[in-house]
Amino acid sequence: MNLSFTEKVYNVVKKIPKGKVLTYRQVAERIGSPGAARAVGSALRKNYNPAIPCHRVICSDGRLGE
């Protein structure tokens, strides 16, 4: 089964435990696209599903994404 880029991002983000965070780059690396950190941000910007905790993904400098 071929998942879309966005589905891959959501699958990784759903697995981030409470109290933990990942950077956009770490999410991109985990889906096999290490240079796609900005695309991860774009995919998460479109998320309205509360089951996908996009607030657990931060910038590499510790800031919240925009």
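Q: Is R38 buried or exposed in this predicted model?
A: In this predicted model, R38 belongs to helix α3. Its relative accessibility is 76%, and the cut-off for the exposed class is over 50%, so R38 counts as exposed.

Q: How far apart in space are R38 and A28, C-alpha to C-alpha?
A: R38 is found in helix α3, and along the sequence R38 and A28 are separated by ten residues. In space, the C-alpha to C-alpha distance between R38 and A28 is 8.8 Å.

Q: Which element gives the largest share of the largest nonpolar core?
A: The largest nonpolar core holds 17 residues, and those with the most contacts inside it include V9, V13, Y24, V27, V40, L44 and V57. Two or more residues of this core come from each of α1 (5-14), α2 (24-30) and α3 (37-45). The largest share, four residues, is given by α1.

Q: Is V13 buried or exposed?
A: V13 is found in helix α1 and is among the residues with the most contacts inside the largest nonpolar core. In soluble globular proteins, nonpolar side chains tend to be buried together. The relative accessibility of V13 is 0% and the limit for the buried class is under 20%, so V13 counts as buried.

Q: Which residues does V13 touch, not counting residues up to four places away in sequence?
A: V13 sits in helix α1, and its C-alpha is 9.4 Å from that of H55, although V13 and H55 are 42 residues apart in sequence. With residues up to four places away in sequence not counted, the residues that V13 touches are V27, L44, I52, P53, C54 and V57.

Q: How are α1 and α3 oriented to each other?
A: The axes of α1 and α3 come within 10 Å and cross at roughly 85°. Angles of 65 to 115 degrees count as roughly perpendicular, and therefore the orientation of α1 and α3 to each other is roughly perpendicular.

Q: How many charged residues are in the contact of α1 with α3?
A: On the α1 side the contact is made by F5, T6, V9, Y10 and V13, and on the α3 side by A39, V40, A43 and L44. By class, this contact has eight nonpolar residues and one polar residue, while the number of charged residues is none: it has no charged residues.

Q: Which backbone oxygen does the side chain of N47 reach?
A: N47 lies in the loop between α3 and β2 (57-58), and with a relative accessible area of 10% N47 is buried. Not counting residues up to four places away in sequence, N47 touches Y10, I52 and C54. At 3.1 Å, the side chain of N47 reaches the backbone oxygen of I52.

Q: Is T23 buried or exposed?
A: T23 is placed in strand β1 (residues 22-23), where, not counting residues up to four places away in sequence, T23 touches V57, I58, C59 and S60. Its relative accessibility is 14%, which means that T23 counts as buried.

Q: How far apart in space are G65 and C54, C-alpha to C-alpha?
A: G65 counts as partly exposed at 33% relative accessibility. Although G65 and C54 are eleven residues apart in sequence, their C-alpha to C-alpha distance in space is 9.5 Å.

Methods: Residues numbered from 1 in each chain as written. Predicted model: local features only at pLDDT ≥ 70, side-chain atom pairs only at ≥ 80, totals over all residues. Heavy atoms only, no water. Core = buried A, V, L, I, M, F, W, Y, C linked by side-chain atoms within 4.5 Å. Buried < 20%, exposed > 50% of the residue type's maximum accessible area, 1.4 Å probe, protein only. Axes fitted to C-alpha atoms, helices over the stretch in contact; angles between N-to-C directions. Parallel < 35°, antiparallel > 145°, perpendicular 65-115°, else oblique. Contact = heavy atoms within 4.5 Å. Nonpolar A, V, L, I, M, F, W, Y, C, P; charged D, E, K, R; others polar. Polar contact = N/O pair within 3.5 Å; in protein donor to acceptor, adjacent residues only side chain to side chain.
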